[in-house]
Amino acid sequence: MINLKKVAAFCCLMLAISLQMFAAVASQNQPTLTLKEALNKASRQFHVSFIYEDELVSNKRVITPADDSFKKVEDYLSAVLKPYNLKFRKLGGSQYAIYGNTSDKAKEKDKTNHVAPEEAAFDKAASQQPAVQMTQVQTNRTLDTTGTEMRVLVGVVTDESMASVSSATIMVPGTKYMTVTGRNGDFSLKVPVNTQKIQVSCIAYQSQVLPVTNAIYYKVALKDKTGYLKPVEVVSTGYVNLPKERATGSFGVVTAKELEKTPTANVINRLEGMVPGLQMQITAGDNSFVYDNVTPAPSSNTRTIGANNYNYNIRGNTTISSEKSPLVVVDGFPTEFDLKNLNPNDIEQITFLRDAAAASIWGARAANGVIVIQTKKGHLRSPAVNVSIGYSRQARPDVGYLKLMNSSQALAFDKELVDKGIITDASYNPYSSGIKYYIDKGVDLAFQLKSGRITQSEYDAKVAELSKRNNYDQLNQYLMQPADAQNYNLSVSGGTDVHTYFLSGSYAKENTSTVGNYGERINLTANQEFKILKKITLGVSLKGAFFNYASNGIGLTPLLNGSNTWMPYDDIHDNFYYTLGEHFADSLQNLGYRNWSTNYLNELKMNSMRTRDNNYSGTITLDVPLYKGLNFNGAYMQERDYFTIRNMKDVNSAYVRDLYNKGTILSGASLTHNFPDGGVLNATNNSMNNYSARGQFTYNRSIGEDHQISALAGMEVRQTLNSANSYTIYGYNPATGFGITVPYGTYYNTVDYSGGYLSGYPEQSDKVKRYLSYYGNAAYTYKSKYTLSGSVRYDDYNNFGLDRKYRAKPFWSTGVSWNMSKENFMQDITWINSLRVRATFGVNGNINQDLRPFTNISLGSSDSQTGLPTAFITSPANPALKWENTYVTNFGIDYSFLNGRLGGTIDLYNKKGTDIIYSLEINPALVGANNTIQRNGVNMLNRGVDIGVNGAIVDTKDFGWNMGLNFSYNTNKVTSNTLKPTTSFYSSFSGYIEGYATDALWSYRNAGLDSVGMTMIYDQNGNKVHANKAVTDLSAVKYSGRRSAPIYGSLQNTFRYKNWSMFVMATYSFGSVFRAPVSTQYPSSRKLYYNTSADIANRWQKAGDEAHTIVPGVAGAYAGTSVMRYAYSDINIQSGDYIRLREISLAYQLPSEMAGKVFAKNIKVSGAVRNLGLIWKKNKLGLDPDYVPVMASTVLHLPATPQYSLMLNVGF
Amino acid sequence: MKNNYISTLLIGGLALASSCSKYTDIKTQGSLIAGTTDNYRYLLNYTYNFEYGEKNVDWAAADVEIADSVQQVTMEGYSSYLYMKNVYIWKSPVYELSTDHDGDWDTYYGRIYNCNVILNEVPTSTGGTDSAKLELAAEALTHRADAYLTLVNEYGKPYGSSSSSDPGVPLVVTPDLNQQLKRASVAAIYSQVESDLKTAVRSLPAASAYNTLPGKAAAYSLLARMYLLMGNYTNAGSYADSALTLRSTLKDMATMTSFPYRKSDPEIIFGKIAASSNTYSPAILRLSSEMLSLLSTTDQRYKWFTRDAASYQGNGYTGRYFCMEQLNYENRNIGTSVPEMILIKAESLARAGNVSAAMDEVNILRQKRFAAADYVAMTATDKNDALVKVIEERKREFMCRLLPWLDQRRLKDDPLFSKTYTRTWRGQTYTLDPSSNRYVFPIATYNINLNPEIEQNP
């Protein structure tokens, strides 16, 4: 240590000497004016005054420039000050401060600190106080109106990582002298000369009191105050960044600091509960970016990737068939990528645009709200390196959550199906002749009994044996696993005055709770800015996200109800016969067919489904100042995605053996093979190639003290190209890469007469969509109190309208805001720091990319009869097709009280959707059997309140408790009178009804069972209606509530104790309902369907049962209607209210002395537990309303199990 | 320097803006608008949209008899068969749930919609000659006329003196999705069919390469069918003759070795098929004893088109069923054919009192329906006898294919043929007397709920 100090001191000394020598040499060679004289000259020439430190200016000489060679004082100053590395800053009016540069070497000295005895003494004091650089002031005195002698202090406020802090307050305690820092963290403050100290404070940071010496320049590094939220000063619309105090719209902001609290690899999980108005449903709890579906669907009108795993909306829903998810904008451009592509650690700030004034600049795509994501940029400083490592592990999911029949119940059900002839002899009884299809063991036994192959006592014995088993757990044990995840992240950022950079790389891997399914992600980001040609800024952002997925898992799919459902007495080591019955399949095997069974444990190893998804995006921006606040911005963005799936099905996999066997025809004694031998490779390749280009002029100018104008106008073009191709190779040999030539698309005979068809003919689709937009936006602020804003946007889209008249409709917004707290009458109310009211109105749009106003046809292949080329109509002409419009009115209040200890926002909104597109049923006489036509025609209304409160409840030096509450209330209803209940509404509750929410849940009024075990319901008059009669009156059915919660939000608590901090988040959801998971479908002789729902055990079986059960019986023509009506009965409606403990995390920040020992600036160790379950729920079924099992679905998500994470974060 | 910069930007911006009007003027793949005349040709080529017809009415006609309890029980057990039972016992409503679509209504109006789109758009399409456009329109008119002719005979009363006030079906002749659907009169529908066919016949090609695409013969044959249903036997006969001059080939059923696919069946003039095939139990068209008594076992139609139900459909089935659809696994043809034209001509002649000429026509057909050894020329004693024999021949020739029901309707009040039919279903007897409302199919509640202006049949 000692040596190091000495070396450092020596270096500094040498540097000082050499600089002086250089200066001396320079002055000898160029004997002109002293610097002081040069400044005096400038003062006369440009009518300005200077504040400077005598020491800095003395002993320096400059080459005198020609009098007229500088038009501006800034240019002059630059020229004369540059040789001495001095800087200047305009202080307002015509006064300039001149001060020394903070060289990197000076900072080095700060960091190692203990250089010389006298400095060590100073630094010791400064370790409690921030480092203050002091220099002598010479001419810095003025008189104010009262005659007090004043001086000016300038400086910059940063955080610990040297990032500038804007809106920090600098004040002289106990006086009226105060100011706030600007965007770059800089300030200047006039204080009386006798001022002893100034206080620097900012919410979310620990306040500091600095002694005022005779220094003019102060550099303050504020320490974070754990738990406080940094005040949001700038919001971004994607086109422009606005100071929040001048924005009229409703913006919600999540900062990097808040995102850090949740340790998941996907930012979507980190947004839950963070912003009022954002409603998030995370329905998969064992992963973050490994979705059930990651395959792009170029033809889809709405988001498909991850749609099974998460859904979110901002302020409810104003569309039916168009996109419901908000528009996502990353670094200024809409992205077609999913949020999983972003490394959460790269995100600087996320701004949610909730109302029209905020979002309508996005025009035709703004109706669902907009999420504007800004990634991190470099700051002017020495390189800062950040490393983090995280690991998390989850408990094994529990199949017991599902309410399923046990073995003896399932066996009894099996027997009933056979006894009542629902599982028919002809197709299923393995002990009769002919082709027999798959049956489960219980049905097999029942058939054996029925056909007299076994006696009743033998049957009973076998059933008793099977009844002892309950093997649901085997799925847990063999097909499921505890999920885990790991995360590694490295970032470097820094910069000089001509170049700043932020570089990061990360790797994440997640093993889901399904054995065989995992995903890996690599993110690379490089954001850079260059100053070129003096004032032009060039920004370059490059991002890459690279995914590998394996999806070989089986998971809980055996449980899904269907023709081969896992029965509780099944053993996972057994072989299952799915296509044909076991006995029949075995008899064929004797004839030379392949084995026809499925074994889950073998299947796990047999197939290989790999997905690679490589995403690239690049943005280049150019900012050119033109004239007095007028800038030109040009920007270009390119997004590319290369996506491939290789799904290799082994020749011995059940899938291939099944197809091969089916295609094998017995003719006489010889076998004909219609299906090619060998493995099968399904390949899908998608690519996306999107670009946007934008040119815009921005104008930002203050005129005098009172007027502030900011405006922009621009034009944008955008193209998305989605290409997809897929093909299947039969008889594929992975070693050679070859398959065999097959006649795609030809039907062939199969042994079960179902008919085969070699699918997978190579297909290519390329969908190009183009958008052309003109937009403008202006805001005027008077006296920093009153702001008036307006925006307008015109969107043109190639698939909308035969004629521009259908789409040439501008989207617009207007808004006002009033900064009340700046009014004179408010100045005496000291507990109010800021109070602002806003009101906006405007219209946003939504695109339905499926529809065309003209008769839409599709070319078909050759006609089956004539072989001639064909075409068919895919959608009828709709000449009146329009955009969907959403009119948004918003009133908002932003407040900050008690010196920032209590603050937040309140927003009230009214969102009126018109011309919403919906499948309206029309008479088949107009169009034929497919008689639902997508048309504009529905109106909708959303109303609600978004409230955010944040308060520092306890705020002492060592202990702090900060609480944040987000509350949202949203009502939603359809207001069009065109929507009357249709017949399909009465049979399946599909469709929307005027006056009710789009997610209204309807039910039948259950009237028990009739004498044949069929569900009865009450009609409007209270009469019982049997299953064969329909109800056709709205008062016959019951409105049961909404599926999504009208009231939702979160409660966040942050505690700090010295270097410890704890974060606890609970989310809540009130007012929704859901249908209890009961049996919705029964088998029929047409469709064998195994249903294991537990309620079936209580079904009606014989006359008289109706007295004590409401679960309908199985047989009869109307059993299907009967069971549907039972499932959709009011008795099965449950409340979805809950309070969920989402996360608890604990972090420890190592003291900086300890961190310093390993050359780190800070070291943080933290642990988190997520998915702690429900603290309270209203339903008594033990169900988590976010995870209601649907056994007939294609994906079964069990509730998220607790996830334990450990993280280490080191900053250098 | 700076000025150059600004001007470059401005010029660039202007250039961009001026070229922009075309920027969004592109078409996305997979979403074509018809536009060019060729595309309307392709639309008409899509047989699927034009050839399907009824599936209900064959259950109502007297040539069918569902007598076996196994068939009745099975049909009753499943909602998907219920319409067959209801039609069979002449019940109203046929579709009991208000959510049930009426397949026939949907099929025919679906075809009509396609025709209307073509008729509406083809005149303004590009790239085709006027005559090509006229021919496309003529084809659409012919397909549409066929649809309306069957529709009005399903949901409207038989043509007669009250037709101008009897409700027919909604007359939809434009692809406008917002129009009212008040039922036009039976006469108005016939009049539309008549004028459409007469317009079409001018522009249809003399011959069509495929019987699914209409040529002049198709329009003539439909006119013949229409006039027959209107009781205008003179016109029916002459249009049948016109059709026969263009096509008169018959299959010799005694010598043919396999039953041809419909596309190569020389007898079909305008190929239309039923919307569902009835070949598997319980949906088999079991022939009535009355029907079987008309068919001698030496009749090739007996040999080809009927099968023993017990051996093909299993235990509990008795009698014989109509098995044409099992010969080539295609749905049965219900479009116009050479035999139909021959028999229309025969009926026209018989009605005119030209007994021997009528019998000559019938014999032209019968020669191809019997082996030479079995063939005996048919003769008639008088006009009524000739008429009866023609109608009986129609029953033999067209069993289970739309025409028996149409004949039953048009002849229900004819003293020669008037009869009350009875049926038994699981012990209960149902009757259909000549004055019964059940000669007219009810309109599905579903359709009426959507458009209450549609009047229900009594």
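I am working from a predicted model, in which local features need pLDDT of at least 70 and side-chain atom pairs count only at pLDDT 80 or more, while totals for chains, interfaces and linings use all residues. Residues are numbered from 1 along each chain as its sequence is written, chains are lettered from A and ligands numbered from 1 in the order in which they are written, and side-chain values use heavy atoms, with hydrogens and water left out.

**Confidence.** I noted ipTM 0.90 and pTM 0.78 for the model. I then checked pLDDT, the predictor's confidence in each residue, from 0 to 100. Chain B averages 91, and 93% of its residues score at least 70. Within chain B, helix 9 has the highest confidence, at 97, and helix 1 (residues 2–19) the lowest, at a mean of 54. Where pLDDT is low, the predicted coordinates should not be read in detail.

**Elements.** I take helices (H or I, at least four residues) and strands (E, at least two) as DSSP runs, numbered from the N terminus.

**Backbone.** I found a cis peptide bond from S92(B) to P93(B), with omega near 0°. P93(B) sits in the loop that runs between helix 5 (82–88) and helix 6 (103–121) of chain B.

I also looked up two residues with positive phi. N1171(A) is not a glycine, yet its phi is positive, about 55°. I located N1171(A) in the loop between strand 58 (1162–1170) and strand 59 (1174–1177) of chain A. Y329(B), also not a glycine, has a positive phi of about 55°, and its loop lies between helix 14 (325–328) and helix 15 (338–351) of chain B.

Are N1171(A) and Y329(B) buried or exposed? I use buried for under 20% relative accessible area, exposed for over 50% and partly exposed in between (1.4 Å probe, protein chains only). N1171(A) is buried at 7%, whereas Y329(B) is exposed at 61%.

**Helix pair.** In chain B, helix 7 (residues 130–155) and helix 9 (residues 216–230) pack at an angle of about 20°, with their axes 10 Å apart. That angle makes helix 7 of chain B roughly parallel to helix 9 of chain B (under 35 degrees; over 145 is roughly antiparallel, 65 to 115 roughly perpendicular, the rest oblique). Axes here are lines fitted to C-alpha atoms, for helices over the stretch in contact, and angles run from 0 to 180 degrees between N-to-C directions.

I listed the contact (heavy atoms within 4.5 Å): helix 7 of chain B gives T142(B), D146(B), L149(B) and N153(B), and helix 9 of chain B gives residues including L222(B), R225(B) and M226(B).
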